[in-house]
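The paragraphs below walk through a protein model, starting inside one chain and moving out to the contacts between chains. Please keep the sequence and the structure at hand while reading.

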Amino acid sequence: MKKTKFRFPARINGATVAKKTFIYVVLIGLCLSFIIPYFWMLITSLRTELAYNSTGFTLLPLDEQGHLSLFFGNYKEAFTALNLGQVLLNTLIVCVANTFLNLFLNSLAAYAFARLKFFAKNTIFKIILFSMMVPGTVMLVPNFLICDYLGITDSLFALILPFVMSVYNIFLLRQQFLGVDKGIEEAARIEGAGPFRIYLRIVLPLVKPMMVVLGITTFMWNYGNYLWPYIVNVDPNLRTLATSLAELTGSGYDLTVQLAGAVIVSAPMIIVFFILQKYIVGGTMEGAVKG
Amino acid sequence: MKKFVVMMLLVVLVACSLVAVLVGCGKTTDSEAVTFYYYTVGNAGLTSQLNQKLADFTAKTGIKVQPIGIAKDNYNSAISTKFTSKKTDMDVLYLDQPRLAQYASSNLIYALDEYVTTSDSDAETVEQGDQVLFNKNAFNASAWETTVYNGSTYAIPLTLNTSVLFYNVRTVMEALGLADENAAVARMETIKTWADVDKLVADIKTKHGDSAFSSKYALLNGLGESGYLGWYSQCFIASAGGKMYDPQSKVVLPDEDGTATDGLTKLKEWMDLSPKSIYNTNTAFTGTVSAPAGSVIFSLADSSAIEKFNVNYTDFYAIQFPGKTAEIGSKSNIGGENLVIASKSVKKAEAVKLIQYLVSEDCMSLIQACTKNFAAVTKYASLDTVVNAVFDNPKDSVKKMYATIQAQLATAQVRPVVNGWMQVNDTTIPGALKTMIEASGNTAELVAAALATIRSGAGAFIK
Amino acid sequence: MKAYTKQLLKRNATGYAFILPLLIYFIVFQLAPMIIALVISFTDYSLANLDPSFVGFDNYIELFTNKAVYQNFWSSLLTTFLYMLLTVPTSMILTLIVSALLNSKIKGEKFFKTIFYIPSVTVSVAMMVMWKQMLAPDGLINQIFSSNIDFLNNESTALVMIALMSVWGGLGYNVLIMLSAMKNIDPSLYEAAEMDGAGAFQKFLYVTVPGVMPTIFFFLVTGLISGFQVGEQMVIIYGTATQVGSVRTYVYEMFYQMREMSNFSVASAMSYFLFAIILVFTLIQFRLQNADAIKERRMLKKIKREAANEKN
């Protein structure tokens with residue numbers, strides 16, 4: 001490894017210590033600027049509006065007399081205001097459907113572009129790759145027009161169908177498939193396996209790590225997606241967690257209730273991040289290096 | 001171990017999706033119900049009260065209602081999306097006053113002339129056989145005018161609001177050198193005309209020197225940009241005795257009698273006394289806890305601003321917008337919501353019944369609480385309801401501010417109900433006025449230039 | 001011959017069966033919308049006119065020239081540029097510094113990286129709500145300084161605050177990439193610099209920065225491309241019709257036309273103009289990347305040739 005080869009000369013003197021201390025102070029200070037907002041959000045969501053207004057800056061859950069106490073009323077109100085049951089269900093339907101459809105359909109197309117031979121393959125691939133240059137923001141208005149034309153606005157289909165595939169993920173998966181040893185496939189073909197069988201049973205398991213990464217990122221992206229659901233669905237029964245939280249803040253609830261809503265909506269993904277950190281960070285690197 | 005976590009997660013996801021899809025399939029929207037679109041304000045309790053009221057209505061009449069609440073910030077855009085969408089299920093909805101002309105001209109909402117009557121009684125609705133008739137006389141006259149487009153009534157007024165001049169009593173005490181709060185309030189109550197404001201300015205200058213309004217005080221808290229500046233400018237035009245638009249001659253800001261020039265000149269004059277550097281800090285109007293006196297004398301705003309004034313440590317009051325002369329008297333602008341029926345609705349009769357219920361005594365007080373605006377049915381307009389909806393323990397000064405608004409509503413001036421006015425209000429007028437306010441030079445020339453810009457600019461929107 | 005044709009047919013059929021979903025998706029949700037939007041941008045389709053007719057380039061011309069109607073068009077582009085000016089350099093410098101600090105053999109590198117990454121996995125709406133409340137007149141920041149400033153509704157601070165949010169939110173992701181780029185720098189370069197008597201700062205300036213130049217370029221271009229698309233934050237915080245003029249970016253103005261004005265033809269025209277701008281930047285990025293790749297390939301060839309020469 002390159003990393004282990006290089007070492008600073010191990011001098012332990014005042015200058016080095018001072019330098020190190022300085023670095024730690026800067027980094028810890030920066031770290032606090034990341035932790036304090038979240039901590040403040042969590043604590044404030046556990047206090048009453050009155051208590052919040054009657055004390056100055058504090059990071060402790062104090063009530064208006066200055067005693068420690070936890071208040072869960074904000075969460076109760078946020079649950080009702082978010083319409084949490086229905087909204088959670090919608091979010092799960094959209095995220096799960098999108099994740100599985102994405103994984104299946106993208107890998108199908110990616111495999112074809114990597115391994116199968118058919119007429120105009122490269123031309124089609126190039127055209128589709130070109131569409132990657134059209135950013136999502138540009139597509140918002142056109143996509144709204146087509147969904148309205150198809151009559152799928154104000155339904156969960158409007159949140160699933162336009163995102164059911166991703167050219168970018170196809171591109172990443174194709175790279176993976178290209179790296180798979182051809183010999184294994186050849187062997188399977190000689191044994192009489194058809195292309196679909198080879199794709200499903202032989203090649204797909206080999207790129208499982210990539211599939212996991214893409215699955216997680218697709219799920220998280222759909223979970224947090226805001227602008228599109230906001231534009232295309234008006235019906236309150238079709239809101240997702242993100243749009244419902246935006247509605248909560250748009251109708252001007254108390255600061256403490258809004259923060260409780262933000263905690264409810266953001267906590268699951270932050271917890272998932274801590275559990276699946278390896279995959280998420282790996283996904284980021286993959287995307288940045290190849291993209 | 002890690003593999004196990006991933007597997008568990010997958011299993012949970014698949015299980016969830018199965019349940020979700022099964023439950024999701026069974027859900028259909030009730031096509032028999034009359035849909036009612038309204039905006040929600042941050043209070044889950046009020047929303048459930050409204051739902052309860054609507055359930056009562058269903059129990060009484062057998063008409064099912066499906067309430068659809070949308071956050072206030074997103075409401076207007078959600079509604080316009082719904083109007084243009086092929087798939088629309090809107091029956092009854094709140095409609096922000098200035099949008100009525102646009103929808104009426106595109107025939108997206110029903111004309112309701114057949115449901116209107118003029119009766120001497122003070123009942124808001126009269127039933128004639130099966131037909132429900134809304135009594136025009138029971139509603140605030142200006143609010144009613146906002147519903148009339150091209151001679152037809154397209155809506156039933158629901159709530160209304162207007163602008164008044166708020167002041168921080170501590171600032172006034174300091175500016176005038178008064179030691180007593182009541183004396184300051186009494187002094188401000190005497191302001192009825194533009195000349196009285198001039199006198200106030202003169203008094204402050206006597207106390208703090210001629211440079212008082214370039215170094216220490218600002219007369220007005222700015223007038224905002226875009227839509228608000230357009231809306232507030234109407235106060236100046238109206239209190240000069242003028243009109244924003246003349247539907248007969250199709251002239252914007254008609255000026256034969258010099259009213260538009262007078263109004264804009266006054267606006268410019270007042271803004272010249274309001275340096276941006278002074279009003280453009282956040283404590284300029286409300287002060288701070290340690291120094292509750294700010295440096296802004298007046299803030300022109302509607303009732304929604306009352307919540308923002310920090311009522312914890314200092315008192316605010318309001319006066320009606322002064323008129324040019326005592327004869328013209330106080331005039332202001334109007335805002336609020338109307339109830340309309342979308343023309344794609346196939347349940348017009350039921351929708352009318354729902355509107356009748358919403359403007360009745362049963363609902364009006366709750367709707368005042370929900371919208372924080374006064375009821376358009378004059379006899380239901382209740383100061384206490386509105387105040388209590390906004391504040392838990394309202395101080396007397398807060399009640400007084402709302403009382404001033406309620407009094408101002410009697411002379412509130414309707415804005416032009418003409419297609420394109422919203423755009424004129426939101427872009428043309430503020431654009432021209434901003435230039436006028438920021439420029440220095442001959443006031444008469446600047447006013448004339450602003451008038452010309454507004455007239456030519458408005459032509460692009462009012463066809 | 002016939003068997004060959006049959007096999008060819010079968011092979012093509014299989015291939016197309018695999019990409020059939022993609023083709024349908026591509027046509028319905030990429031191609032068709034773009035065509036419809038293009039057509040609509042040449043009509044006068046809006047709420048006021050649901051029965052559109054063809055108007056040629058009028059929408060584009062009006063957008064660019066009619067200041068009375070589209071007052072905010074050019075100023076919104078200016079706001080967008082201002083936003084990029086506020087975010088791109090700040091973000092770049094901060095990323096470089098933080099990555100360099102993390103790369104200086106300290107303990108807890110992973111911990112810091114994890115903490116910085118949290119905003120990247122926070123749902124954007126939740127993050128905006130958090131910041132909106134932190135910056136409210138009664139929010140965290142004002143509590144700390146016992147002031148009463150309405151940061152987000154003040155013309156002079158609003159855009160700066162939103163830029164700050166973006167820099168803060170993107171730092172973790174940027175550091176992750178920058179750090180891995182820094183780790184790929186050949187350590188012998190540092191050793192050589194040290195022999196020449198370079199201090200920590202000089203090493204950073206003459207070894208680290210040139211070493212991560214491609215990553216800096218990558219950030220620059222992606223920063224500009226995403227900078228043009230900024231608007232979601234503003235929609236979440238202010239809704240689509242804010243009075244705060246200084247945060248009305250190009251995309252915000254596009255939403256305003258689409259949602260508040262229901263002026264679909266103008267919104268479509270604005271989409272296309274945005275597309276044109278972004279396309280230019282994307283092509284520049286491709287050029288740069290390709291140039292890099294070509295340079296690398298040439299280097300490789302040269303090395304090989306030299307190696308061959310040595311053998312001879």
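A salt bridge is counted when a side-chain nitrogen of Lys or Arg lies within 4 Å of a carboxyl oxygen of Asp or Glu. Lys372(B) and Glu307(B) form such a pair, with N to O at 3.2 Å. The model is a predicted one, in which local features need pLDDT of at least 70, side-chain atom pairs count only at pLDDT 80 or more, and totals for chains, interfaces and linings use all residues. Residues are numbered from 1 along each chain as its sequence is written, chains are lettered from A and ligands numbered from 1 in the order in which they are written, and side-chain values use heavy atoms, with hydrogens and water left out.

Chain B comes first. Its assignment gives domain 1 (34-159 + 335-390) and domain 2 (164-334 + 408-458); domain bounds here come from an automatic or database domain assignment. Between the C-alpha centres of domain 1 of chain B and domain 2 of chain B there are 31 Å. Domain 1 of chain B puts 19 residues into the contact and domain 2 of chain B puts in 13 residues, where contact means heavy atoms within 4.5 Å. The two domains of chain B bury about 1,400 Å² between them, and 58% of this is on carbon and sulfur atoms. Buried area is the accessible area (1.4 Å probe) that two parts lose on being put together, summed over both. Within domain 1 of chain B, the residues that lose the most area to domain 2 of chain B are Pro98(B), Ser142(B) and Gly335(B), which together make up 31% of what that side buries.

The interface of the two domains of chain B holds one salt bridge. There are also four residue pairs in polar contact, both residues at pLDDT 80 or more. A polar contact is a pair of N or O atoms within 3.5 Å; within protein, one must be able to donate a hydrogen and the other to accept it, and residues adjacent in sequence count only if both atoms are side-chain atoms. On the side of domain 1 of chain B that touches domain 2 of chain B, α4 (100-105), α5 (141-145) and β7 (148-149) each supply at least two residues. The most comes from α4(B), with four residues. Helices (H or I, at least four residues) and strands (E, at least two) are DSSP runs, numbered from the N terminus.

Ala318(B) is a residue of strand β15 (residues 316-319) of chain B. Is Ala318(B) buried or exposed? Ala318(B) counts as buried because its relative accessibility is 4%; buried means under 20% relative accessible area, exposed over 50%, and partly exposed in between (1.4 Å probe, protein chains only). Apart from neighbours within four places in sequence, the contacts of Ala318(B) include Val164(B), Phe166(B), Glu189(B) and Met401(B).

Chain C also touches chain B. This contact takes 23 residues from chain C and 33 residues from chain B. About 2,200 Å² is buried between chain C and chain B, with 46% of it on carbon and sulfur atoms. Leu47(C), Gln243(C) and Arg259(C) supply 29% of the area that chain C buries here, more than any other three residues. One salt bridge is found across the interface of chain C and chain B. Glu260(C) and Arg99(B) form a salt bridge, their closest N and O atoms being 2.8 Å apart.

Within chain C, Thr80(C) sits in helix α3 (residues 72-102). Thr80(C) is buried, at a relative accessible area of 0%. Its side chain reaches the backbone oxygen of Ser76(C) at 2.7 Å. Not counting residues up to four places away in sequence, Thr80(C) touches Gly227(C), Phe228(C), Thr249(C) and Tyr250(C).

Chain A and chain C bury about 8,500 Å² between them, of which carbon and sulfur atoms give 77%. The number of salt bridges between chain A and chain C is zero, while 13 residue pairs are in polar contact (both at pLDDT 80 or more).
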